[in-house]
Amino acid sequence: MEAIQRHKGLVYPLNRTNVDTDQIIPKQFLKRIERTGFGQYLFYHWRFDDDGKLREGFNLNDKRYEHASILLAGENFGCGSSREHAPWALLDYGFRVIIAPSFADIFYNNALKNGMIVIRVAEEQVNQWMRKAEQQAFTLDVDLENQQITELDMVYPFEIPSYHKEKLINGWDDIALTLQHEEKIAQYEKKYELK
């Protein structure tokens with residue numbers, strides 16, 4: 001997992017609530033066994049028509065959001081099934097940070113475990129940023145170390161579980177955490193080795 005301490009990026013406003021994981025990555029694209037290659041299918045039915053052509057009405061297809069890396073969404077983002085492919089698709093597309101008033105619990109944990117900074121922010125603040133991002137190119141600076149989001153000269157603190165914060169800052173996934181105890185594991189295995 002790639003370490004992330006700070007991220008400054010262009011904001012993409014997804015002004016929708018209750019975005020479920022099947023909308024993030026539809027079920028027909030879950031056949032891959034790697035964690036990569038899912039970005040092309042992100043929000044597939046919103047981005048593409050039945051002929052596979054880009055829809056003009058969906059704002060992620062707008063060139064001005066082409067390099068967006070911070071996704072701003074409405075309440076209950078990531079609801080629905082527990083598919084881990086949803087954060088894989090978001091990451092593969094280029095999003096490193098997701099900000100919303102609330103998240104589905106399983107999605108929230110899956111996203112953090114896969115290296116994304118996931119931040120709960122009051123709905124009123126999200127709506128203000130949403131309006132700005134819809135009107136013009138808009139960036140935010142997310143400082144995970146100090147747990148704050150900076151917009152020009154305004155600073156907004158945020159909460160994140162310390163366990164996930166440490167993992168993100170150090171780039172540790174669950175396997176990397178286990179391997180930190182490799183010596184003790186080897187000692188245990190040697191002690192109870194079958195003869």
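These legends describe close-up views of aromatic rings in a predicted model.

**View 1. A tilted pair, Phe29 and Tyr44.** A search of the whole structure finds 17 aromatic pairs. In the pair shown here, the ring centres of Phe29 and Tyr44 are 4.8 Å apart. Their planes meet at 55°, so the pair is tilted. Stacked would need planes under 30 degrees apart, and edge-to-face would need over 60. Where do the two residues lie? Phe29 is in the loop between helix 1 (21-24) and helix 2 (44-47). Tyr44 is in helix 2. The pair therefore ties together parts that are 15 residues apart in sequence. Both Phe29 and Tyr44 are buried.

**View 2. A stacked pair, Phe103 and Phe107.** The ring centres of Phe103 and Phe107 lie 6.4 Å apart. Their planes are at 15°, so this pair counts as stacked. Are these residues buried or exposed? Phe103 has 6% relative accessibility, so it counts as buried. Phe107 is buried too, with a relative accessible area of 2%. The cut-off for buried is under 20%.

**View 3. An aromatic cluster.** Which residues form the cluster? Tyr12, Tyr65, Tyr93 and Phe95 form one aromatic cluster.

**View 4. Arg16 over Trp46.** Here a charge meets a ring. The charged end of Arg16 sits over the ring of Trp46. From the centre of that ring, the charged end is 4.1 Å away.

**View 5. Arg120 over Tyr108.** The ring in this view belongs to Tyr108, and the charged end of Arg120 sits over it. The distance from the ring centre is 3.9 Å.

Conventions. Residues numbered from 1 in each chain as written. Predicted model: local features only at pLDDT ≥ 70, side-chain atom pairs only at ≥ 80, totals over all residues. Heavy atoms only, no water. Phe/Tyr/Trp six-rings, centres within 6.5 Å; stacked < 30°, edge-to-face > 60°. Helix = DSSP H or I, 4+ residues; strand = E, 2+ residues; numbered from the N terminus. Buried < 20%, exposed > 50% of the residue type's maximum accessible area, 1.4 Å probe, protein only. Lys NZ or Arg CZ within 6 Å of the ring centre and 35° of its normal.
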